[in-house]
Every structure is written in structure tokens, then in C-alpha cells.
Amino acid sequence: MVVLPQVPASAAPADVVVDYLCDPVGASSIVRNGPVKLTTNLTFATDLSVGDPLNLTWKLAYADDPRRLQAPGYFGEGGEVHAKGNVTHRSSWQGILQPRGVSDSHGPLEPDDTLMLPEMINDPGQVGRAGTISLTPGNIELDFTPPDGEVVVNDGDDADNPSDMRIVYSSNGWESKDDLPASENHVHNDLHETANEGATAMLTFVGTGVKYIGPTDKDSSKVKIHLDDLPVATIDPSRDESDVPVNDDLDGGKTLWEWSGLNYGKHTIKIEKVSGEGFMWVDAFEVSTTTAQTPTGYHSALCKPIDNPPTIVVTVGERAEPTDPPGEDPGGEEPPDDEEPPGGGDEDPENPPGGDEQQPPGGGGNQIEDGLGQVIVNPQVSTSASVTPTSASPTATKYYRAQVARTPRGGVDTGEAPEENEVPYGLMAVGMVVVMGTAGGGLLMRRRGAAHAGGAS
């Protein structure tokens, strides 16, 4: 869709297309061969209610242009491109939204390899009050984050040094010693050595730490170490960590000195022979990178809109509240004409069977919530569909006639009709016999009593 600047958007999600041009930023930018063009789609809902999520989803892609973001050097697996967008919002409140995202991890990289973009960046948030929000897309910041890990820089050829770093030796008296015994544990079984005072070896690297690797030897001289042109230490490889002289002959592969915690970027280490006696050896340097996978600003790019981007107005309304109080029939379905409330039509509606006032199931009506609850948004999942606010309402209670039209008072409301009364003829006959026998027995006793009284007189 085409959205004109400062035009209030409809209820449909906004889909804003903005083209960008990326220029180099930082000491070693990922824009290496001229500006890189991107095309982007920014989508978000434009008709919201208070409490709804305002989720900006921004898709990034290379434009129809041969230039791409490129790797600024040799790197192992795990490098990533981070992106941060900027969206200015004004009106009811002001600020900047910053959608963020990261690309998939890259495999091993060489200089000028094409870098993947993050597929999308987003910034979910919850709208706290009603009003309008004017959104204007701004700049996009890109940064390549190198993989964490170590790389060993030796004196071999390029196959031994994928970091594209080289050790630079001074011209006075260095000798290359190759094919040394594997038992001496040198990196690639080679060394450089010098006996000249003032001789140096220097490495320029990009990372956050460095180690100087070489042999301990009873004939080693002292070595002065410079980091970024500043002297930082003097070491003696002829002594151990307890300052006890060693009895070694070229015991290689030892970490003679190390430094960590540098800011990510370009640094230089230089070693220098400082005494007239003995030898100084260089086996290798180990460069480490520890960035915690966060942008460093060293391999960056800044992307700006090619044309003035549009401003989209988002309307935030109050969330609709239910108007019917709980427990009342909201005027929904009415019972059909041939149905009547439980107990039949002859019962007193104000005094239904059971003696208690009847209520819809659940007692006291349905509990009404505003339909919002807690909104949880997944920053990794985007959608262009607007969120439609919903609200619950009480459910009308529908009454149905029982199987029996009327339940006899005192009986149990089982839903089944009582059996018809039967005349107990047998029981009545037995009762008549008992009554007749009782009357006859009483008459006989009275006659005997009268005869007995007459005889006595």
C-alpha cells in the first residue's frame, strides 16, 4: 500500500516500504566497495486499544543492486550482523522506538565474502493510554560482530594463518629454524631466533587479547614487551614462574606472556631483545576475541532513507468495558413459547420449589473480565495482522421444561413421575378380621364376668 505523509492510517495494518543507502562507519567497515542499497518493509497495526501491543516489524533485504555488505577480514564460524532501527514517535508522547535483530551465524569468512542481513527486526511494546502516535522510520544501524575464540598466528604460509595477520621481524639478525623435532612442542615445528640486542618482532591484530608463545630455555635472554606502543612488561624465559632458573633446552609451546580485556579493535604487540647475552625466540602469537556477541562499533555501517519516509498515525482508543452488571439477563435469547421455567406454570414465580430464589448456573451470574489479561509478545515472531480487541459478556440462561410437569410437594425432584396409587384390598381384609375378632372377644369377656358375678351372689 502507498501511504502519504501525515495521513491517518486505516484500521488495516500499515505496510511502509522505505529504501536505504548504507555508508561505512568504524575503523573496518562492512561497507567495503561503495554504498550498499537496502529495501525494507515496516509493518504495524494502526487501530489499537489501550493495552494492545504496538509491535513494529521491519523486514530487511538487499535491493536490486550488485553491491553487498562484506566481511572485513578472516573470521571463524559464528560471526553475526546486528541491526538496530530507529522509529521516531510523537503526539500523545514522544520518544524513539528501536527495533533490533540479528542475522544467522555465518560460517568461516574471508575478506569480501557477502554477509547475511537480519531477516527482520522488531520492537514490541504495550500501549498504556489512549491517544494518537505518529510514527516515522529513521536510520538503521548495522554492525558485524566477530565470533568469539582464538586464532594462532605463526610463521607459516596463508594456510597456517587464516587470520590474515603476519609477524613482522626487524632486519637485524633473525634466523628461521624449520623442521624442529616434534618432541620440542613448537607450533608447526618451527621458530625464529635472534641474538642481536634491540631486535624486534611485531604483530598487528584485531581482537580483545593476545598471548606470546615461545620456548623456555636456560640460554634465553630477557624480553621487553610493548602493547600499542607502550612498554608493559619485561620477562625472562630462562626462569620459571617462581623465578627459579630452568634447565630446559627449547621446551616449546609455552605461554610466556598474555594480556586480555582489551577493547575490541586493532592493537599491536611488539617484543624486543634487551640484553646482550643469550637468544630471543618467537614461536607464535595467539589472538583472542571475547565480545559476548554484542556489537562493537568497529565493523559498522549507517543506513539512511533515500527519500523522506512517510509518517503514519496510529490511533489508540479506550478499551471497551461491559455495560451489563453481572447476574442480569442482557436481553439475549428468550425461552420459546412452548417452554416455561422449571416447576411449571402453576407455581408461584416468587416462591419456586425449594424455597430459595433461583439464579443462573454458577450462582450470582458470570464473572466478566475485560478480555485483556496479560499480553505476551514474542520478539522473534512478527505479524502484520492487527490485534482486534475483544470483550466478554454475560451468557443468557436458557430454561427447559423438566420431564414431569409438577413434582408432588415433599417428594424428591428426580425428574420421574411417581407411580399411580393402588387400593390395598388385602390389607383392608386383614384389618376387618382383626377388628371383628377384637369386638367378639370383648363381648365374650363381658358375658363371663356377668355370670361370675351372679354366681357369687
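How many aromatic pairs does the count come to? The count comes to seven aromatic pairs, where rings of Phe, Tyr and Trp (its six-membered ring) pair if their centres lie within 6.5 Å. The legends below describe a predicted model, in which local features need pLDDT of at least 70 and side-chain atom pairs count only at pLDDT 80 or more, while totals for chains, interfaces and linings use all residues. Residues are numbered from 1 along each chain as its sequence is written, and side-chain values use heavy atoms, with hydrogens and water left out.

**View 1. The aromatic pair of Tyr-20 and Trp-58.** The two rings are edge-to-face, 6.1 Å centre to centre and with 65° between the planes; planes under 30 degrees apart count as stacked, over 60 as edge-to-face and the rest as tilted. Tyr-20 belongs to strand β2 and Trp-58 to strand β5 (residues 53-62), so that the pair links parts of the chain 38 residues apart. Strands here (E, at least two residues) are DSSP runs, numbered from the N terminus. Tyr-20 counts as buried because its relative accessibility is 0%. Trp-58 is likewise buried, at 0% relative accessibility. Buried means under 20% relative accessible area, exposed over 50%, and partly exposed in between (1.4 Å probe, protein chains only).

**View 2. The disulfide between Cys-22 and Cys-303.** The distance from S to S is 2.0 Å, and a disulfide is taken as a pair of cysteine sulfur atoms within 2.5 Å. By this rule the model has one disulfide. Cys-22 in strand β2 and Cys-303 in strand β23 (residues 300-305) are 281 residues apart, and the pair links distant parts of the chain. Because the torsion about the S-S bond is about 100°, the disulfide is right-handed. Cys-22 and Cys-303 are both buried.

**View 3. Ser-28 and its contacts.** Ser-28 sits in the loop between β2 (14-25) and β3 (36-44). With 18% relative accessibility, Ser-28 counts as buried. Not counting residues up to four places away in sequence, Ser-28 touches Pro-72, Tyr-298 and His-299; contact means heavy atoms within 4.5 Å.

**View 4. The surroundings of His-82.** His-82 is in strand β6 (residues 80-91). The relative accessible area of His-82 is 15%, so this residue is buried. The side chain of His-82 makes a polar contact of 3.5 Å with that of Glu-80, and another polar contact, of 3.3 Å, joins the side chains of His-82 and Thr-145. A polar contact is a pair of N or O atoms within 3.5 Å; within protein, one must be able to donate a hydrogen and the other to accept it, and residues adjacent in sequence count only if both atoms are side-chain atoms. Leaving aside neighbours within four places in sequence, the residues in contact with His-82 include Gly-101, Val-102, Glu-141, Leu-142 and Asp-143. Also among them are Gln-293 and Pro-295.

**View 5. An open sheet of five strands.** The order of the strands is β12-β15-β20-β17-β18, and the pairing is antiparallel; two strands pair if DSSP finds at least two bridges between them. At the edges stand β12 (167-169) and β18 (230-235), each with a single partner strand, so one side of each has no neighbour in the sheet. From one strand to the next, the twist averages 20°; axes are lines fitted to C-alpha atoms, and angles run from 0 to 180 degrees between N-to-C directions. Strand β17 (residues 223-227) pairs with strand β20 (residues 265-273) over five bridges in the antiparallel sense. Val-223 has Lys-273 in β20 as its bridge partner.

**View 6. An open sheet of four strands.** Here the order is β11-β22-β16-β19, again with antiparallel pairing. The edge strands β11 (149-153) and β19 (251-259) each pair on one side only. Neighbouring strands are turned against each other by 25° on average, direction ignored. Between β11 and strand β22 (residues 284-289), which run antiparallel, there are five bridges. Glu-150 stands opposite Ser-288 in β22.

**View 7. Positive phi at His-188 and Asp-229.** His-188 lies in the loop between β13 (174-177) and β14 (191-194). The phi of His-188 is near 60°, a positive value in a residue other than glycine. His-188 counts as partly exposed, at 45% relative accessibility. Asp-229 is in the loop between β17 and β18, and the phi of Asp-229 is near 70°, also positive in a residue other than glycine. At 68% relative accessibility, Asp-229 counts as exposed.
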